[in-house]
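Hi,

Here is the structure I promised to pass on. Have a look at it first, and my notes follow below.

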Amino acid sequence: MVPNFRYSVLRCSSLTQARFQSTHLHFYQNRQLELYASKEAQRLSLRQLVFYGRFMSEERLIKSANYVRTELPVRLAHRIRDLQALPYVVVMQEGVAKVYELYWSAFEKLRRLPRIETLEDNERFCAFLAGLLDEHAVVIPNLSLGLSLASPHLPPDQLDAFMRRMLVSRISRRVLAEHHIALSDSVVGRNHGTSEEGHIGIIYTGLNVEKSVRRCTALLHRLTHDSNDSGATYKDDIQWPAVTIEGHVGAQFAYIREHLEYIIFELLKNAMQATVAMHGQKSVLPAILVTLVTAPDSIGMRISDQGGGLLNPQIRSPSDLFSFSHVRNASRLEQDCLVPLRTASASPAGMRATVEELVGRWKDQWQQREDGTSLKNDPELKSGVGRHPRLGIGLAMCNIFARYFGGSLELVSLDGWGTDVYLRLPKLGTNLEGIEV
């Protein structure tokens, strides 16, 4: 056993040293990087994405492929420069170094891709993009872990601005890749599933907000209440709170449904868990009220609960819940947050920030409870390949998604009573992506 253990330690040490040397080596090998970073990102609006994809042909698809091929390395180059501008002790933090290596590897691969000329070339390109999306699923937990650990080395404003740039840019790259893959599927007749709400690529042109709220509510109601992590006690037969929808219930607009429903799901989940924690001993729980409003240039939503508010000695302002800095949100350095982030960072599944992922994780936990299996003894979770537990960054991700096309998210706490959450999203589709260069 001793020789094997010694070999493992030496191998681990050599791998760590190799990564350090690799990062150190190309940290300053920036000739190609500077060339791409000197270019401005060609930001797009939802309207442009919809208009271009509406009349898709082979020629337009090839043009789309080459735009994505040339645009992705530019956006990656700007983020690599952001990483290089951090104090070196931060770049070498657990998690951050992993993201740096992933970004540099993707940048090198993308800039070397030949021009796409045929549908066969595009098929290979889409397969490459899909693989890259899978490989980069670990970016969010690794970034969150690394910056949480690096929080003592960075002022809160600098840390949060850095995370905002990194995560918005990540969303933008995923949108470009996933939208192009979806357009390619439509051209070759690989569309999966049907929907009453028409879509072009990943953008739903007549997205019904009420239906999205009801979809998320139905998913949450199908999950058992004991999936919540509030630690509160409540009646064994309690159900999730009802959701009442009022206002402009026919509101529709063009938007990425995956983004909208991730925000709604997270906000409703938090509201329901807070309500259960506050009123769990009651036979009937107070309903959650969702108010929809259509303005000339935006869609508004208010989610009101009676879950007691956001009163917390670690939080001075509700907006601090969006922060990745321990100065504003002390929970960032608590083991309850760091351990799940390490688990998610080590898992190939990573975190994609989708409703499907959230529901899948909860279903796994539910099934294990039904089977009488302890989550703590689950071999997949121990080895880092199972679905990750609560990461504590859902609200922060909601804020990032809302701001991507110029929207906003605001929390108003009525401590002792409940919380009102105000979501505003642009309606006209003319806002450019909120990428900071």
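Let me start with the overall fold. Of the contacts in the protein with a separation of 6 or more, 78% are between residues 24 or more positions apart; contact here means heavy atoms within 4.5 Å. Bear in mind that this is a predicted model, in which local features need pLDDT of at least 70, side-chain atom pairs count only at pLDDT 80 or more, and totals for chains, interfaces and linings use all residues. Residues are numbered from 1 along each chain as its sequence is written, and side-chain values use heavy atoms, with hydrogens and water left out.

The protein has 15 helices and 8 strands. These are DSSP runs numbered from the N terminus (helices are H or I with at least four residues, strands are E with at least two). Of the 437 residues, 51% count as buried, which stands for under 20% relative accessible area, with exposed being over 50% and partly exposed in between (1.4 Å probe, protein chains only). The accessible surface comes to about 20,400 Å², and 53% of that belongs to carbon and sulfur atoms; the areas come from the Shrake-Rupley method with a 1.4 Å probe, and for residues only the protein chains shown count as cover.

Now to helix 4, which has two partners worth a look. With helix 6, the axes of helix 4 (residues 58-85) and helix 6 (residues 96-111) come within 9 Å and cross at roughly 150°. Axes are lines fitted to C-alpha atoms, for helices over the stretch in contact, and angles run from 0 to 180 degrees between N-to-C directions. Helix 4 and helix 6 are therefore roughly antiparallel (over 145 degrees; under 35 is roughly parallel, 65 to 115 roughly perpendicular and the rest oblique). Their crossing is left-handed, a term used if the near helix is turned anticlockwise from the far one by less than a right angle, with clockwise being right-handed. By class, this contact of helix 4 with helix 6 has 13 nonpolar, 1 polar and 3 charged residues. Ala, Val, Leu, Ile, Met, Phe, Trp, Tyr, Cys and Pro count as nonpolar, Asp, Glu, Lys and Arg as charged, and the others, Gly among them, as polar.

F107 lies in helix 6 and is buried, with a relative accessible area of 0%. Among the residues that F107 touches, leaving out those up to four places away in sequence, are P73, L76, A77 and I80, as well as Q32, L33 and Y36. The C-alpha atoms of F107 and Q32 are separated by 9.8 Å, although the two are 75 residues apart along the chain.

The other partner is helix 7 (residues 119-135), which packs with helix 4 at an angle of about 40°, the axes being 10 Å apart. That makes helix 4 oblique to helix 7. This crossing is left-handed as well. E58, L61, I62, A65, V68, R69 and L72 of helix 4 make the contact with L119, N122, F125 and L129 of helix 7.

Further along, helix 15 (residues 394-404) is mostly covered, with 10 of its 11 residues buried. Its cover includes helix 8 (139-150), helix 9 (156-187) and strand 4 (252-256). After helix 15 comes G406, with a positive phi near 90°.

Finally, N329 sits in the loop between strand 6 (298-305) and helix 12 (335-346). N329 is buried, at 4% relative accessible area.

Cheers
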